[in-house]
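Colleague: I am new to this structure. Could we go through it by question and answer?

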Amino acid sequence: MAQAAAVAKPPAPPRRRRASATPRRLPYLLIAPAALLMLGFIAYPVLSVFWYSLQDYNPTKPWRNGFAGFDNFTRIFTEDPLFRDTLVFSAKWVFVEVGLQLMFGLALALIVNQTFVGRALGRALVFSPWAVSGVLTSAIWVLLYNSQTGITRYLADMGIGEYGVSWLSDTSTVFPAAVVADLWRGVPFFAILILADLQSVSKDLYEAAEVDGAGRLKQFWHITLPHLKDAIILSTLLRAVWEFNNVDLLYTLTGGGPAGSTTTLPLYIANTSVDAHDFGYASALTTVAFVILLFCSMVYLRLSKFGGEK
């Protein structure tokens with residue numbers, strides 16, 4: 001009986017081999033070198049700026065170098081009127097540029113999204129300024145604004161304005177002139193991102209709206225804009241950060257002048273570090289600018305409800 005029971009007992013299930021952890025860790029091991037390299041390139045400059053912001057560091061005056069604590073930050077908020085002036089102008093520059101670029105970029109994206117003869121050529125012409133570097137863009141517009149051979153010369157030939165007028169040397173015209181120059185390069189950025197998102201809008205939605213009697217304006221307001229919400233939020237945030245940090249165009253176009261009327265905070269930082277060699281104070285200014293950008297970005301994403309329901 002015992003022998004029969006032993007024969008009838010079902011065989012034990014085979015023991016499972018312990019799964020190796022290597023396949024699960026393999027993706028992380030593969031990206032680890034690149035991640036560490038990127039971390040080094042990002043973390044070291046950021047940490048070094050924070051460190052130098054607590055120092056008095058001027059290579060031309062080594063006898064004054066040393067630990068300064070928070071003296072640089074105290075100087076920023078209590079003794080430096082240029083900080084407030086450049087910060088206010090930076091906010092004005094970002095607000096005007098991003099607002100106009102978004103408006104014109106959205107209009108261009110809606111136009112080139114339509115079907116018409118020569119659409120491919122039209123898209124290429126619309127997007128081409130984005131491929132031009134900032135310094136080259138500045139050089140182009142410096143020539144266009146030249147008082148002897150540029151736009152003002154041709155306008156004077158037509159009886160509009162006077163000869164020898166330089167828009168970049170007049171405090172009343174330098175800001176709109178710089179805005180137009182940056183619009184030429186910045187508008188395609190919005191047009192590209194918005195057009196890419198427009199391609200994913202289902203045509204069935206527009207057809208259903210037409211059946212219900214909705215016109216073009218209602219379709220744009222209730223279908224197009226809600227679908228573009230995240231693309232608009234992300235593009236405006238990215239462009240606002242880039243415009244705030246805009247140095248190449250304004251430096252080449254106006255140099256921050258005339259009389260400092262087009263000096264942004266990053267341009268002021270560049271002049272403080274490169275021209276005045278005051279790297280400690282420039283690092284403190286950079287730290288303050290970083291905190292301002294981080295705070296404004298977080299508030300903007302919070303208020304705009306990025307990634308939420310459309």
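Modeller: Just after α13, histidine 277 takes a positive phi of about 60 degrees. This is a predicted model, where local features need pLDDT of at least 70, side-chain atom pairs count only at pLDDT 80 or more, and totals for chains, interfaces and linings use all residues. Residues are numbered from 1 along each chain as its sequence is written, and side-chain values use heavy atoms, with hydrogens and water left out.

Colleague: Which elements do the buried residues of α13 pack against?

Modeller: Helices (H or I, at least four residues) and strands (E, at least two) are DSSP runs, numbered from the N terminus. Buried means under 20% relative accessible area, exposed over 50% and partly exposed in between, with a 1.4 Å probe and protein chains only. In α13 (residues 265–275), the buried residues include Leu265, Tyr268 and Thr272. With contact taken as heavy atoms within 4.5 Å, the buried residues of α13 pack against α4 (81–112), α11 (229–244), α12 (248–253) and α14.

Colleague: How many residues apart are tyrosine 57 and phenylalanine 279?

Modeller: Rings of Phe, Tyr and Trp (its six-membered ring) pair if their centres lie within 6.5 Å; planes under 30 degrees apart count as stacked, over 60 as edge-to-face and the rest as tilted. The whole structure has 15 aromatic pairs. Tyrosine 57 and phenylalanine 279 form a tilted one, 6.1 Å centre to centre with 45 degrees between the planes. Tyrosine 57 lies in the loop between β1 (55–56) and β2 (66–67) and phenylalanine 279 in helix α14 (residues 279–304), so the pair links distant parts of the chain, 222 residues apart.

Colleague: Is tyrosine 145 buried or exposed?

Modeller: Tyrosine 145 pairs with tryptophan 141, and because the ring planes are at 45 degrees, with centres 5.5 Å apart, the pair is tilted. Tryptophan 141 has a relative accessible area of 11% and is buried. At a relative accessible area of 4%, tyrosine 145 is buried.

Colleague: Which element gives the most to the lining of the second largest pocket?

Modeller: The second largest pocket has 17 lining residues, with Val94, Phe95, Ala240, Val241 and Cys296 nearest its centre; on a 1 Å grid over the protein atoms alone, a pocket is an open set of points where a 1.4 Å probe fits, with protein on both sides within 12 Å along at least five of seven lines, and lining residues have an atom within 4 Å of a point. The elements giving two or more residues to this lining are α4, α11 and α14. With seven residues, the element that gives the most is α4.
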